[in-house]
Amino acid sequence: MVFGQYLAACLTLTVASFSTPDPSLGTVAAFTEPNGSNATAMQLNVTMQQMSEEDAIFYILEIVCGQHFNAMMSEIGSDQWCNWAAVASFYSTLTMCTETFLLQQNLFWPNEVGERFFIKKHSDFFQWCHREPGELLADPASNMLLGLVLTPICIIPLMVGLVVWCSDTKK
């Protein structure tokens, strides 16, 4: 059996029986493509045969976990995407769903596919989030930077001297 056929069969079984970590989401009963259209098993099989193993798992991950997250983020509106209080529960559910799905597929967590999946979600929803709207993080003030640099430089010789002194007194 080719990998694409195996993966399509796994997707049919997985999507039909995959329970999301959040009970309020229920069980995924059908699958749709990421663009929102319904996919038939034959279309999915052809799609899977044309993909690498990692791409196919990424695609399934988008269907099983990503679509719900996308819907929830659309529901709260883009003005709330940078508000952690509004997003935290959705993000937590996405993380649990991703981890559960990958572990069900006998893949370790975290892994390259999961990392790529989260990087995509971050670039889709959180790329413009900063500490303050419109403000990027800046370098610390010169006095603060000087203190942060000189403190360890001064402490290191003291610690070396203390170790040498303690080792001499034990002899």
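**Before you start**

You are looking at a predicted model, in which local features need pLDDT of at least 70, side-chain atom pairs count only at pLDDT 80 or more, and totals for chains, interfaces and linings use all residues. Residues are numbered from 1 along each chain as its sequence is written, and side-chain values use heavy atoms, with hydrogens and water left out.

**Stop 1: the whole chain**

Show the chain as a cartoon. It has six helices and zero strands, where helices (H or I, at least four residues) and strands (E, at least two) are DSSP runs, numbered from the N terminus. Read from the N terminus, the order is α-α-α-α-α-α. Of the 171 residues, 28% count as buried; buried means under 20% relative accessible area, exposed over 50%, and partly exposed in between, with a 1.4 Å probe and protein chains only. Take the contacts (heavy atoms within 4.5 Å) between residues at least 6 apart in sequence: 63% of these join residues at least 24 apart.

**Stop 2: helix 3 against helix 4**

Select residues 53-76 for helix 3 and 84-104 for helix 4. Two packed helices are described by the angle between their axes and the distance between the axes. Here the angle is about 170° and the axes of helix 3 and helix 4 are 10 Å apart. The axes are lines fitted to C-alpha atoms, for helices over the stretch in contact, and angles run from 0 to 180 degrees between N-to-C directions. Helix 3 and helix 4 are therefore roughly antiparallel, a label for angles over 145 degrees; under 35 counts as roughly parallel, 65 to 115 as roughly perpendicular and the rest as oblique.

**Stop 3**

The structure holds two disulfides, a disulfide being a pair of cysteine sulfur atoms within 2.5 Å. Select Cys65 and Cys97, whose sulfur atoms are 2.1 Å apart. Their link is left-handed, with -85° about the S-S bond. Cys65 sits in helix 3 and Cys97 in helix 4, so this pair ties together parts that are 32 residues apart in sequence. Cys65 is buried at 3% relative accessible area, and Cys97 is buried at 5%.

**Stop 4**

Move on to Cys82 and Cys129, joined by a disulfide with an S to S distance of 2.0 Å. Cys82 is in the loop between helix 3 and helix 4, and Cys129 is in the loop between helix 5 (112-125) and helix 6 (142-170), so the pair ties together parts 47 residues apart in sequence. This link is left-handed, with -85° about the S-S bond. Cys82 is partly exposed at 47% relative accessibility, and Cys129 is partly exposed at 25%. Counting bonded cysteines along the chain, the disulfides follow the pattern 1-3, 2-4.

**Stop 5: three residues on helix 4**

Begin with Ala86, in helix 4. At 22% relative accessibility, Ala86 is partly exposed. Leaving aside neighbours within four places in sequence, Ala86 is in contact with Ile76 and Gln80.

Thr93 is buried, at 11% relative accessible area. A polar atom of the Thr93 side chain lies 2.9 Å from the backbone oxygen of Ser89.

Finish at Thr98 in helix 4. Is Thr98 buried or exposed? Thr98 is buried, at 0% relative accessibility. Beyond neighbours within four places in sequence, Thr98 is in contact with Leu61, Cys65, Trp109, Phe117 and Phe118.

Select Cys154, partly exposed at 48% relative accessible area, and then Cys166, partly exposed at 30%.

Conventions
Polar contact = N/O pair within 3.5 Å; in protein donor to acceptor, adjacent residues only side chain to side chain.
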